[in-house]
Amino acid sequence: MIANEHAFSRRKLVKGFLGEMLGYIGKTAGINKKSKFLRPPGAIDELEFISTCLRCGKCQVSCQKGCIEILDQEKGIGLGTPYIQYKNQSCDFCLECIKVCRSGALLHPEDTELVIGNAHIHQYKCLAWQGAICNNCVHSCKNKAIKLKDNRYPDIIEELCRGCGACMIQCFQQPTAIFIQPKN
């Protein structure tokens with residue numbers, strides 16, 4: 001039992017050191033605070049996130065919707081950190097990922113509505129913008145962040161969008177006409 005505790009402590013120490021090192025490399029390489037990846041709800045600024053995240057994977061395991069994936073070596077400096085990948089389910093902001101995060105990389109400040117990002121519509125791909133009758137994204141939006149412009153064209157109200165991905169999942173167009181831009 002004691003050997004396992006020491007192995008866990010060493011593993012945690014190495015992961016912490018790796019995170020600090022990657023954060024330092026990111027700062028010296030000029031990586032800014034904006035992420036090109038959708039991070040889980042409550043993610044702190046990108047550089048701090050990279051250096052704070054323990055890369056334990058608990059947030060991925062806790063995600064009931066299966067939205068959280070782990071960055072592999074092909075994704076660069078964020079190696080081993082979690083990101084949101086919408087496949088079949090949208091984020092319901094259950095906050096289980098924040099509850100299991102022991103490093104402080106995912107936080108939920110009091111009286112703050114968490115935002116992952118903002119939805120944007122590729123008008124050249126969108127069926128409604130191309131003349132078809134479609135408003136599936138409007139009906140799928142839990143926050144009512146998508147309204148119909150001229151009773152026909154979906155339009156995002158950025159102040160209401162949290163980046164949950166429901167509109168992406170429900171978009172009939174494949175590849176989807178909607179993408180989520182990371183916050184910041």
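On a 1 Å grid over the protein atoms alone, a cavity is a set of points where a 1.4 Å probe fits but cannot get out, and its lining residues have an atom within 4 Å of a point. The largest cavity here is lined by 17 residues, and C53, C56, C59, C101 and S103 lie nearest its centre. By class, that lining has eleven nonpolar, three polar and three charged residues. Ala, Val, Leu, Ile, Met, Phe, Trp, Tyr, Cys and Pro count as nonpolar, Asp, Glu, Lys and Arg as charged, and the others, Gly among them, as polar. The largest cavity holds about 130 Å³ of space. A volume is the space filled by probe spheres set on the points, with grid points joined across faces, edges and corners. Four cavities of 30 Å³ or more are counted by this rule.

This is a predicted model: local features need pLDDT of at least 70, side-chain atom pairs count only at pLDDT 80 or more, and totals for chains, interfaces and linings use all residues. Residues are numbered from 1 along each chain as its sequence is written, and side-chain values use heavy atoms, with hydrogens and water left out.

Now the overall layout. The chain has six helices and six strands. Both are DSSP runs numbered from the N terminus: helices are H or I with at least four residues, strands are E with at least two. Along the sequence they follow the pattern α-α-α-β-β-α-β-α-β-β-α-β. Of the 184 residues, 41% are buried. Buried means under 20% relative accessible area, exposed over 50%, and partly exposed in between (1.4 Å probe, protein chains only). Contact means heavy atoms within 4.5 Å. Among contacts between residues at least 6 apart in sequence, 64% join residues at least 24 apart.

Next, the core. A nonpolar core is a set of buried Ala, Val, Leu, Ile, Met, Phe, Trp, Tyr and Cys residues joined through side-chain atoms within 4.5 Å. The largest one has 39 residues, and Y86 and L106 touch the most other members. Two or more residues each come from α4, β3 (117-121), α5 (136-140), α6 and β6 (178-182). Helix α6 gives the largest share, three residues. Beyond its neighbours within four places in sequence, L106 contacts P40, P41, G42, A43, F49, C59, C97, I98 and C101.

C167 sits in helix α6 (residues 166-170). C167 counts as buried because its relative accessibility is 7%. Leaving aside neighbours within four places in sequence, C167 touches A119, C137, S140, I146, I178 and I180. From C167 to N136 is 31 residues in sequence but 7.6 Å in space, C-alpha to C-alpha.

Last, the charges. Side chains of opposite charge can pair when their charged atoms come close. A salt bridge is a side-chain nitrogen of Lys or Arg within 4 Å of a carboxyl oxygen of Asp or Glu. The structure holds three. E46 pairs with R39, with closest N and O atoms 2.7 Å apart. E46 is buried at 6% relative accessible area, and R39 is buried at 5%. E69 and K87 meet at 3.0 Å, N to O. E69 lies in strand β1 (residues 68-70) and K87 in the loop between β2 (82-84) and α4 (96-100), so this pair ties together parts 18 residues apart in sequence. K99 bridges to E96 at 3.1 Å between the closest N and O atoms. K99 and E96 are three residues apart in helix α4, so about one helical turn separates them. K99 is exposed at 51%, whereas E96 is partly exposed at 24%.

Technical notes: 1 Å grid on protein atoms, 1.4 Å probe; cavity = no way out; pocket = protein on both sides within 12 Å on 5 of 7 lines; lining within 4 Å.
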